[in-house]
Amino acid sequence: MSATLAFLGDFGDAFDYIFNSRESEAGGARVGGSELLPLLWTHLKVTGVAMAIAIAIALPVGLALGHSGRGAFATISVSNVGRAVPSIALIAFFVAFFPSTPEFWNVAVALALLAIPPILTNAYVGVRQVSRDAVDAARGMGMSSIQIVRSVELPLALPLIFGGIKTSTVNVIATATIAPLVGVLTLGDPIISGTVHGRAGQIGASIVVAALAVFAELGLSAVQRAVTPTGVKLERGASARAPRLGTLKRRIQTVP
Amino acid sequence: MSELFAQLQRRDRSGEDCVSENGICPDWIVDNLDRYVDPFWDHVYLTLTSVAIGFAIAFGLALLAHRRRWLVAPIVQVTGILYTLPSVAVFFLLLPLTGRGNTTAIIALVAYSLLILFRNVIAGFDNVPAESKDAGRGMGLTENQLLWRVELPLALPEIMAGLRIAATTTVGLAALAFLAGAGGLGAALFADINFRSNVLVAGGLAVLLAVALDLMILAFQWAITPWLRAAT
């Protein structure tokens, strides 16, 4: 009984921390409430910069490799290696080896590297799974390679491409939480500086970060549905039970 | 020339200078390797326990949903939310319930792995050719026998692919377990996060562990699917 009350009390206090600012545990500074807004802003900024870098690199490379059909091995290797490197090790690597670069950029580049594999893999597989008949028809109509990529392969690959961007974004939002370990004050700051923000700050900031990740997931899922060409939706309805990726699925794991 | 000489001299000295200059110091690494032993085994323990529990739950759910297809969508939704929640946030959301320590870290890691494992087990069952199942039924197998003797063996490639992804991802996430009060290589890394030698050894050990687990599962798959080798 008392455990239940303590449980409710902890979360009640955490919500109070989210909505009302209070004096810090150590006294002096104000924490919580509107004081969270600068942290949220940094969190969004570092996420946005990292995603912009990642998309600018991974999307063209993925489309080009998918179009030419070369580089399956390289794509698989990048996504496998990317999974194996712990996020905190990558951030620490940049901070330790590039001490003169501002921490914000070190963190942004480390997060961008984490975001690249899912986008690259999904763009590659997305283009590869476009029906060869559609590509042949486009070529027969006299389209150039660039036109084929832009007007045929890209639209048909968009659902998978956005799946990759969605997964990466959620992942980057989650990982940006540990940026305060190297001095970039994101929403992870109350979590990591527990002595300043107290237990309510740790739990409250966790609620905010979790909500941010879920909102990003839901929002980008809506975008993903919106950009799916109607023809692809119809086709999926008709062949919902048939494996869509065929043999590719066994070799390259895409994300939802 | 004198510059080169100075460099040579610097290397000749004992590890002390290298450490104070924040270099990559083989001497220091060799001398201090023992400080990574315990965190490494903590990391192995966290990873293996989480993947094992996650696999048991996901496999059970998949068996349940295999015959009752309507369960797939809600299970994917619930495990999808667990997958979306940032692990660091989950560590602290569990704070009032389980406090700090290995239990909290393992619950969060299990929650994260469920979607990956469930999706792959279901995909494995879905990719079993209808002809194989018909042949099994024609031989008089019951649904239960069909599951264990035909469907499960033929689903192994996808199931094992899921295990490999779950294992490597969990190694990476377990590096954050120190925030939940559990140990692991993340604690060793964070203990001196600006020192290059430390970052390389702690990070490198985590990557090595991920690669080793990946190869072990691959070897296990090779050993338990002899028919795939006979076919090619």
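# Chat about a two-chain predicted model

Reply: To start with confidence in this predicted model: chain A has a mean pLDDT of 83, and 88% of its residues reach 70 or more.

Me: Where in chain A is the pLDDT below 50?

Reply: That is the stretch of residues 238-251 of chain A. Beyond near neighbours in sequence, the stretch has ten contacts in the model.

Me: And what is the mean pLDDT of chain B?

Reply: The mean for chain B is 86, with 92% of its residues at 70 or more.

Me: Which elements of chain B have the lowest and the highest mean pLDDT?

Reply: Helix H1 of chain B, residues 2-12, has the lowest, at 44. The highest belongs to helix H4 of chain B, residues 37-67, at 94. Over residues 1-15 of chain B the pLDDT is below 50, and that stretch has six contacts beyond near neighbours in sequence.

Me: What does the model score on ipTM and pTM?

Reply: The ipTM is 0.81 and the pTM is 0.84.

Me: OK, on to chain A. How many helices and strands does chain A have?

Reply: Chain A has eleven helices and two strands.

Me: How much of chain A counts as buried?

Reply: Of its 256 residues, 43% do. As for contacts in chain A between residues at least 6 apart in sequence, 76% of them join residues at least 24 apart.

Me: Give me one residue to look at. Is Leu212(A) buried or exposed?

Reply: Leu212(A) is buried, because 22 other C-beta atoms lie within 10 Å, and the cut-off for buried is 20 or more. Leu212(A) sits in helix H9 of chain A. From Leu212(A) to Ala174(A) the C-alpha distance is 8.9 Å, and the two are 38 residues apart in sequence.

Me: Now the contact between the chains. How many residues does it take from chain A and from chain B?

Reply: The contact takes 37 residues from chain A and 37 residues from chain B. On the side of chain A, five helices each supply at least two residues: H1 (2-19), H3 (72-84), H4 (87-97), H7 (145-175) and H9 (194-227). The largest share, nine residues, comes from H9(A).

Me: What classes of residue are on the side of chain A that touches chain B?

Reply: That side has 26 nonpolar, six polar and five charged residues.

Me: Switching to chain B. At what angle do helix H9 and helix H10 of chain B pack?

Reply: Helix H9 (residues 130-138) and helix H10 (residues 143-174) of chain B pack at about 160°, with their axes 10 Å apart. H9(B) is therefore roughly antiparallel to H10(B). Their crossing is right-handed.

Me: Which residues meet there, in H9(B) and H10(B)?

Reply: From H9(B) they are Ser132(B), Lys133(B), Gly136(B) and Arg137(B), and from H10(B) they are Leu146(B), Val150(B), Glu151(B) and Leu154(B). By class, the residues of this contact are three nonpolar, two polar and three charged.

Me: What about H4(B) and H10(B), how do they cross?

Reply: The axes of H4(B) and H10(B) come within 9 Å and cross at roughly 140°, so the two helices are oblique to each other. This crossing is right-handed.

Me: Which residues of H4(B) and H10(B) meet?

Reply: Among those in H4(B) are His43(B), Leu46(B) and Phe55(B), and among those in H10(B) are Leu163(B), Thr170(B) and Ala174(B). The contact of H4(B) with H10(B) has eight nonpolar, five polar and no charged residues.

Me: Last topic, helix H5 of chain B. Where does Leu82(B) lie, and what is Leu82(B) in contact with?

Reply: Leu82(B) lies in helix H5, residues 72-84, of chain B. Leaving aside neighbours within four places in sequence, Leu82(B) is in contact with Ala111(B), Tyr112(B), Leu114(B) and Leu115(B). Leu82(B) counts as partly exposed because it has 15 C-beta neighbours inside 10 Å.

Me: And Ala73(B), buried or exposed?

Reply: Ala73(B) has 10 C-beta neighbours inside 10 Å, so Ala73(B) counts as exposed. Ala73(B) is in helix H5 of chain B too.

Conventions:
Residues are numbered from 1 along each chain as its sequence is written. Chains are lettered from A and ligands numbered from 1 in the order in which they are written. This is a predicted model: local features need pLDDT of at least 70, side-chain atom pairs count only at pLDDT 80 or more; totals for chains, interfaces and linings use all residues. Two residues are in contact if their C-beta atoms, placed from the backbone, lie within 7 Å. Helices (H or I, at least four residues) and strands (E, at least two) are DSSP runs, numbered from the N terminus. Ala, Val, Leu, Ile, Met, Phe, Trp, Tyr, Cys and Pro count as nonpolar, Asp, Glu, Lys and Arg as charged, and the others, Gly among them, as polar. A residue is buried if 20 or more other C-beta atoms lie within 10 Å of its own, exposed if 12 or fewer, and partly exposed in between; C-beta atoms are placed from the backbone. pLDDT is the predictor's confidence in each residue, from 0 to 100. Axes are lines fitted to C-alpha atoms, for helices over the stretch in contact, and angles run from 0 to 180 degrees between N-to-C directions. Angles under 35 degrees count as roughly parallel, over 145 as roughly antiparallel, 65 to 115 as roughly perpendicular and the rest as oblique. A crossing is left-handed if the near helix is turned anticlockwise from the far one by less than a right angle, and right-handed if clockwise.
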